[in-house]
Amino acid sequence: MEFLEPLQFPIFGNRTAIWIIAQFHILFASFILGVPLFVVIAEYLYIRKRDYRYERLAKDIARVMAIAYSLTALSGGVFAFLLFALYPDFSYHILNKFSYLWILFYPGLVVVETILMYLYYFSWEPLKEKKGIHLFIGILLNIVGIATLFNMDAIASYMNTPPRDLINPTLWENVYNYTWMPLNIHRLVGNITYGGYMVGMMGAFLYVWSENKEERVYYDWMGYIGNTIGVGAMLFLPIMGYIYAREFYRYAAELGIYMMSDRLSMYFEAQAIVVGLMFLASNYYIYLSMKRIEGAVRYVPIVRFGFIVVFFAACIWFIPRHYFATMVPEEWMYEGMTKADFLKTTELPSHLGFLALMKAKNTAAVLLLLVTLLNYIIYRIAVKKGRIEWGGIDFRSQYILIFLGFSDIWLMNLMGAVRELVRKDYHVYLLLKDTALEAYTPTLAYASSLTTAITFAFFTIFVFIVWLGLRFGKEKG
Amino acid sequence: MELWKKNKLKLISLIAFNLLIWIINSFLYSLPVVFKVAFTVFTTGGFLILALIDIFPIESWQGKRIFKNLILTLIYGTIFLGILWLYTAYYKFPAMFKMTIIVYTLLTILFLILIDLKPLKEKTGIRAVNSLLFLFLIMGGGYTFMGWALPQFDPAYEIERLKPKKFFIEEADEETILSVGARVFKDYECFNCHDIEPGGIPKRGPALAAVDLGDRKKIRESVVDPRKEIAKGYEKELKTMPDYYETQIEKNYLEALIRYLENIGKVRITTEMMPEGWWTDPKILRDGKDIFEGIKNPDVACSVCHGKDGIPLMTEAADLRDVAEISKLSDADLFKVVSEGRPDTPMAAWKDYLSNEDIWKVIAYINMFHHGGRAEVHKKGEGIPAVAINQPVVPVIPE
C-alpha cells in the first residue's frame, strides 16, 4: 500500500500539534461525559429530596454542558483532520482494523448522543411536570455517552496492547484487548472525578463573582457538592490506576518497566506530587468546611493529626527507586564523578529498596484513602451535631477548589501523555512503527511545559464558557 | 472511670483492628515491620486524640491559639526532625533521600503552622480577577517548575538508538554478524517453516541443523533461488518458500543471514543447553555482568529489578539467590524465562532485545547468585543457599 507523504505541521511539528489537539479534545469530551453523570444524579436527588438547590444545580451545569458540546465536536473534527494529514499510515491502519467501529458505531453513537443531549437540555421546562421521563432521557444520554467512551477506548488501548499471537484478529478481538476494560473503568471513574472537580471549580468561580449573600450561599453549597463527588470518586482512582498498570505488565512487562523504572518514571514522580497535593487540598477543604459548622471546633486535633498522616503517605508515595530518569544512568549524569559515587547518593540501597516497592506505595495509598474517608465521616458527624452556615466559608476554600480543578486537568494531561509515550516509537505496539524522527520520549520538562500551556488554554475557554452560560447569558436573559 | 466506659468499645475496636492489620500484613500481604508500626502508631494516635477531645475542649479556631499552635508545632516539629535525622543516618539513607524526607517534614510543619490563619477577606471586582490570575500563575508556574526540577534524561541518547542503524558486514565482528543474522531469521519468520534446533522437527521445510546446508555459496542459492534445487522429500513444497528475499533483504543483512545459517551446525547456540564451558568462562561471565547491569544495553538492565547483589528491588521480581526456586530450572527453563518472560508477572520477554548468545551469557552470570557468588556449573537441584533473607551475594568473576 502506497501512502501519501505526511504533511508537516508548521512551527510545532507533527507530534506536538497532535498532542495539543488530542488533549483539547479529550478534556472537552471528558467534560461532556463526566458532567452529565453529575447532572442526572443531581436531578434524581431533587426528585427524591425536593430540595430545589439540586434542580438549579443540574440546570446550571447542563447549560454549560450544552456549550461545551459544540467545542467537543469542533476539536474532534480538527483532531481527525490533522490525524489524516499528519499520520496517514496510522490512520489507514486504524480504519482498516476498526472499520465498522469507525464508520458505523462511532458516528452513530455521536449522532444519538447529540440528539439525546439537546432533547435532555431543551425538554427541561416542557417536562417539568414529568420528571421521571426527563430523568430517563438523562440516563439514556449517559448510557450512550459511556458507550462512546468505551468505543474510543478500544482504539486507544489497541494502540498499546494489540492482540498477540493471533494471525488475523477479528474486530472484537482487536477491541477486547488486554487494557481495554481497565482503561474503560479507569476513565469512567476518572471522568466522574473530573466532573466533580469541574463543578466544584464552577462553584468557586461563581462564588468569587457573586455580589450578594444569597448567591454565595448557593455557590458555597455547589462547590461543596462538587468537591464531595470529586474526592469520593478519586478514592477509587489509585486502585483503578494500579489495575490498568498491572495489565501493561501482564501484556508486555517491558512496557511496564519503561513506565515505572525507565524514561517515564519521573512522570510518575510528578504524578505522586500532584496526587499528594490533591489529597491534601481536598482534606483541607473539608477542614475549612468544618469551620463553618457550629461546635465542630472540637474535632480540630484529629483532623490536624490526619494532615500529618497525609504528608507521611504522600512522602512514601513519592520516594523513588533512584533519582535519575532512566533505568541506568546516562554518562552525562555523573560527569565529574564515578558512576559508583553517583549511585551512592542517588539510588536506594538494597536494605531500603522496599520503600520503592508496591507494598510501600499501596500502604501509602491506603493511608491517604483512610484519612480522607475518616475526615469526611468526622465532617458528617459534625454536621449532625451542629448547623452549617452556608456562604460563610473561608474565602480561601474557593481557591482550593480552583486548585483542585486545575491539578486534576493538569494530571489528566500528563498521564494521557504517558499512555501515548509508553509504546515508545510505535503507533501500534510491535505492529506499526512510528518512523518519524519525533518518535523519541520527550523530557518531563518539555511535557510539563506543554501540559501547563494546554491547561491554561483550556482554562481560558472554560472560564469563558462558565461566564457565558452562567453569568452573562443569565443576566441578559 | 467514665472515660473508660465511654471508650471501652473504641479501645477494643482499635486493638482488634491493629491485630487484623498485623495478621493480614504478615501473612497475606507482607509489609516490612516499619509500615506495620506506622499503622499502629497512626491508629493509636488517632484513638488517643478522639478519647481526649472531651477532656481538653477547644473553644475557638483562631485567636490566642494561633500563637500557641505556632510554638507547639515548632517544638514538636524540631523534636520530630531530630528523630528523623538520626533515623535516616542510622539506616544510611543516601543524601537525596534524606533530603526528601526532611523536606516533606518541613512542609508538614509549615502547613500545620499556616492552617489556622485568619479567614481570607472576600474579594470582588477587579481584585477578584487579579487574585485568580495570580493563582493561575502560581499553579501553572509551580507545576512547570516541578517538571523542570525533577531529574531529566537527554533525549539524544534515545534518538541515537531510534535512528536506523547502518550495518556493514565488512566492519562488523563475527559475534555481531551472527547476532544480526539471527535477527533477520527471526524478523522474516523463517522459523515458521525451518526448525534450527538440533533434533528439530521438520516442518514445511527441512530442520536446518539436521541437514547439510553446504558452503556459503550453496546457502545463498537456497535462500535467494529456493526453487532451483529442492531438498529431498520436499518436492511437494516446491513453491512454498518465497523467492523474493534477494530483493527484500538488504545485501549486508542477507549476507549476515547466510553466515548465521552457515554456523547453525557448528556453533550450536541452541535454546536447550548452555554452550560448552560457558558457565565458568570469565569472558562470558564479564559479558553477562555487562548485560545484567545494563552497561551493554541500557534497555536491558536486569539489576534494576533483581538487584546487583541479588536482593530483589521490585515487587514480584524473582530472588536470584533463592536456591530452592532457581535450581528447579533446567538450562532450557532458564533460557525460556529470560527469552519469553514469565506470564502474568513483571518479567518481560527479552528475546527482542537480546540475541541467543547474550541470553546464555546473562544466564551464566545469574547462575552465580545461587552459588554464593561463585562461578559453578548449573545443575538442577544444586546450589548454595544465602544465609539470611537480606544477605547480599556479590558474584566474583574468576580471573
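Predicted model: local features only at pLDDT ≥ 70, side-chain atom pairs only at ≥ 80, totals over all residues.
Biologist: What value is phi of Lys424(A) near?
Modeller: Most residues other than glycine have a negative phi. Lys424(A) is not glycine, yet its phi is positive. The angle is near 55°.

Biologist: Ile11(A) also has a positive phi. Is Ile11(A) buried or exposed?
Modeller: Ile11(A) lies in the segment before α1 (14-49) of chain A. Its phi is near 65°. The relative accessible area is 86%, and the cut-off is over 50%, so Ile11(A) counts as exposed.

Biologist: Is Arg292(A) buried or exposed?
Modeller: Arg292(A) is placed in the loop between α11 (265-290) and α12 (300-318) of chain A. Its relative accessibility is 3%. Buried means under 20%, so Arg292(A) is buried.

Biologist: How many Å apart in space are Arg292(A) and Trp390(A)?
Modeller: In sequence, 98 residues separate Arg292(A) from Trp390(A). In space, the C-alpha to C-alpha distance is 7.5 Å.

Biologist: How are α7(A) and α8(A) oriented to each other?
Modeller: Helix α7 (residues 180-209) and helix α8 (residues 213-234) of chain A have axes that come within 7 Å. The axes cross at roughly 160°. Angles over 145 degrees count as roughly antiparallel, so α7(A) is to α8(A) roughly antiparallel.

Biologist: What is the handedness of the crossing in which α15(A) passes α5(B)?
Modeller: Helix α15 (residues 396-421) of chain A packs with helix α5 (residues 125-149) of chain B at about 40°, axes 11 Å apart. The two helices are therefore oblique to each other. For contrast, α7(A) passes α8(A) in a left-handed crossing. The crossing of α15(A) and α5(B) is right-handed.

Biologist: Is Ile23(B) buried, partly exposed or exposed?
Modeller: Ile23(B) has its place in helix α1 (residues 2-28) of chain B. Its relative accessibility is 47%.

Biologist: What accessible area does the nonpolar surface patch with Ile23(B) have together?
Modeller: The patch is formed by Ile15(B), Leu19(B), Leu20(B), Ile23(B), Ile24(B), Phe27(B), Leu28(B) and Tyr29(B). Together, their accessible area is about 850 Å².

Note on methods. Residues numbered from 1 in each chain as written. Chains lettered and ligands numbered in written order. Heavy atoms only, no water. Patch = residues over 30% accessible without salt bridge, like charges linked within 9 Å, V, L, I, M, F, W, Y side chains within 5 Å. Areas by Shrake-Rupley, 256 points an atom, 1.4 Å probe, with all protein chains shown as cover. Salt bridge = Lys/Arg side-chain N within 4 Å of Asp/Glu carboxyl O. Helix = DSSP H or I, 4+ residues; strand = E, 2+ residues; numbered from the N terminus. Buried < 20%, exposed > 50% of the residue type's maximum accessible area, 1.4 Å probe, protein only. Axes fitted to C-alpha atoms, helices over the stretch in contact; angles between N-to-C directions. Parallel < 35°, antiparallel > 145°, perpendicular 65-115°, else oblique. Left-handed = near helix turned anticlockwise from the far one by under 90°.
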